[in-house]
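This briefing sets out selected features of the structure shown below.

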Amino acid sequence: MRITSEQSYAIEQIVNKYRNLSGAAIPILQEIQNQLGYVSPQFIEKVAELTEIPASELYGIVTFYTQFRLEPIGENHIQICHGTACHLAGANAVIEAFESSTGAKCGSTSKDGKFTLDKVACMGCCSLAPVVGVNGKIHGRMTAEKAQKLARELKGGDSRGR
Amino acid sequence: MADRRFTIKVGLASCGIAAGAQQVYDEFANQLSKAELNADLILTGCLGMCYCEPLVEVSTDGHERYLYGNVGPGDVDRIISQHLAGGEPVRDLLVYAPGLDPEMDLYFAKQVRIALKNCGVINPEDIASYLKAGGYQGLRKALEIGPEAVIEEIKASGLRGRGGAGFPTWLKWSLTRQASGDVKYVICNADEGDPGAFMDRSILESDPHSVIEGMLIAAYAIGAGKGYIYCRAEYPLAIKRLRLAIGQAEACGFLGGNIQGSGFDFSLEIREGAGAFVCGEETALIMSVEGKRGMPRFRPPYPSEKGLFGAPTSINNVETYANVPRILQGGAEAYSKYGTEKSKGTKVFALAGKVKRGGLVEIPMGMTIDEIVFDIGGGISTGKAFKAIQTGGPSGGCIPASLGGTPVDYESLGRIGAIMGSGGLLVMDEDTCMVDVAKYFLTFARGESCGKCTFCRVGSEKMLEILERITSGKGTSEDLSLIKNLGEAVKSGSMCGLGQTMPNPVLTTLQYFAEEYQAHIDEAYCPARQCKALISYHIDPDRCRGCGLCAKVCAVGAISGELRKPYTIDSEVCVRCGLCAAACRFDAIDVVSRPKSAEASLGVAQ
């Protein structure tokens, strides 16, 4: 994947914005991910060139912190909470239901690009456990059945839109 | 009724919003704009009773308080017409009203709200609301008495670090104050990474100014000019409200240069954590704020001497800071009258798991576990037997129900192998497999090991392999002594808190639930019927109506049968996902785990 001129421009703007901040590497990478959706190795090269922070160090940061993704995200982002309360309330069954009905494994994107599944540590809504975040919206008291239904709706909804 | 003034508060913290509180708030706003009523609608934070969100509080002229729970947008009309216009509370939605339910009176009476004083009371997005509730009075007092007297006051209060370790707050401040250097920093650790903990999130979302004020007082006492709040990026609402609060505090002269004419300068910056549990450790957190990988480093030198960018730095947790203004304002004695000899004041807990009234509670230190679980939490939600609690997340221990009389303070919990932790308190019932719980926490901690120390990196992996063996019925008796030795070695051979505490869930379950480990090993039997390799699903032919729903939901095609006749599950194909049992409307699918000896005496294996 080559870097487009729009992406290149966006990265320049972001680096400029944080020019005077000490310890700016993480905020720069976070904002790149916010704006462009991910942090590809090409983006890292570009940041290294502009900031003179070695690319190896930036790559080290991106792979150390779970927030960063090196690849673009699917159409639907499903974050399945696997905090303790959710684990006790049956998060594993929810994970399996999402995996089997979307075709994606946790931590990856389905082949059709429709779903990215992520297992997250705790969303802090323990009283609604098990909890799932679908495109930023939190769904509480999930069951395997509800998960299957949600995945079906998201699949159907998108194809109708085309 | 028109002469009475009503206040309607809707709890809009993350869990309220997840349960649909925003729609309820919008519906109130919409209907109240059309009705001729003497009522104020107020956005507020976490009321603490997460188990019945969305929550709406209706009060009259600030006196009588009525709390409605599980409120939907469709209920708004009734609350307005019946309660506000008609003066008659809507009984079926009430969760609390004066004299309504002695259980709920106990729920409130047992709690002491100091850190949570404003949570669910004030509007977190409006500094005026904070000021009206006595906000920034603690800072005023601090500026009056001077830095050294501030540290003395905190010392007299007995406040210890609420992040879990319990280090005396005054000492941290005093050491940082005494350290040489012109530039000093304060940091707020809001990297609440323990799964099952949401105290810090709730405080930041419900009362952000209390944390800012606490940091201001700390900075003033230490002589720091700049502060950082390191907050998890997973908490967008907390970050949003913090940003808003910082902007308002700057506009009102509580942040910036020459604060309130005192000559004291202080500015505050938010840094978003990027998702690494180890960054809750202070030296790793400092690395992360510096823009690097969050790898802990050896101490000494402690951050109080050489911290952020090499300068003396004091790091405290959100809850610790939230207590500070209240101590300054109310005096050390009013704070230290709560608690035990060595653990003063209160502690906030996020009560979750199999408990009826899950949510955020604040208790005086020294209250027993049983009081928290039963008097406040209302007991076990499933109606089954209380088995254990877990405190301190992946660093903490599992405490059996038989030790429910243990007082909750730093020393008592330490004596039984557990820790206070940051405040996650998980309640477990008899359906919880303790070996599985230990495996869960270890899996989490292994994934979060930064990899620097061999014992933590490799030891966790090896311990997990043993637990995998045990939960799949392939464990041996030697595995138990092996995992215990390994656990002790990881504790002593790791540099930072993550590695030093990671074996705790394993070691405490081994200590208190040895027979459960033994059942997995000797009998290939999981008493709680959780470990997949040791359970199977069966359809009871008497209860099955032959509707075929189970076969339809099964993702692997393990269920077959004819309509209106009992279906059967092929155990060879079944992946034990539980979809069928969840879908069955006749409760006809049983989860079974049989001890080896029982199988043998049956003569046939099913």
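Two strands count as paired if DSSP finds at least two bridges between them. The model described here is predicted. In chain B, strand β7 (residues 226–232) and strand β8 (residues 267–273) pair in the parallel sense, over seven bridges.

**Strand pairing and crossover in chain B**

- B:Y230 has B:R271 in β8(B) as its bridge partner.
- From β7(B) the chain runs through helix α11 (residues 236–251) of chain B to β8(B), forming a right-handed β-α-β crossover.

**Helix packing in chain B**

- Helix α18 (residues 454–471) of chain B packs with helix α19 (residues 477–493) of chain B at an angle of about 160°, and their axes lie 10 Å apart.
- Angles over 145 degrees count as roughly antiparallel, and α18(B) and α19(B) are therefore roughly antiparallel to each other.
- The crossing in which α18(B) passes α19(B) is left-handed.
- Residues of α18(B) that meet α19(B) include B:F455, B:M463, B:I466 and B:I470, while those on the α19(B) side include B:L482, B:I483, B:L486 and B:V490.
- The contact of α18(B) with α19(B) comprises 10 nonpolar, four polar and three charged residues.

**Contact between chains A and B**

- Chain B contributes 43 residues to the contact and chain A contributes 35 residues.
- On the side of chain B that touches chain A, the elements giving two or more residues are α1 (14–18), α12 (282–289), β10 (346–353), β14 (424–429) and α24 (579–583) of chain B.
- That side of chain B has 24 nonpolar, 13 polar and six charged residues.

Conventions
Residues numbered from 1 in each chain as written. Chains lettered and ligands numbered in written order. Predicted model: local features only at pLDDT ≥ 70, side-chain atom pairs only at ≥ 80, totals over all residues. Axes fitted to C-alpha atoms, helices over the stretch in contact; angles between N-to-C directions. Helix = DSSP H or I, 4+ residues; strand = E, 2+ residues; numbered from the N terminus. Parallel < 35°, antiparallel > 145°, perpendicular 65-115°, else oblique. Left-handed = near helix turned anticlockwise from the far one by under 90°. Contact = placed C-beta atoms within 7 Å. Nonpolar A, V, L, I, M, F, W, Y, C, P; charged D, E, K, R; others polar. Right-handed = clockwise from strand over helix to strand, strands pointing away.
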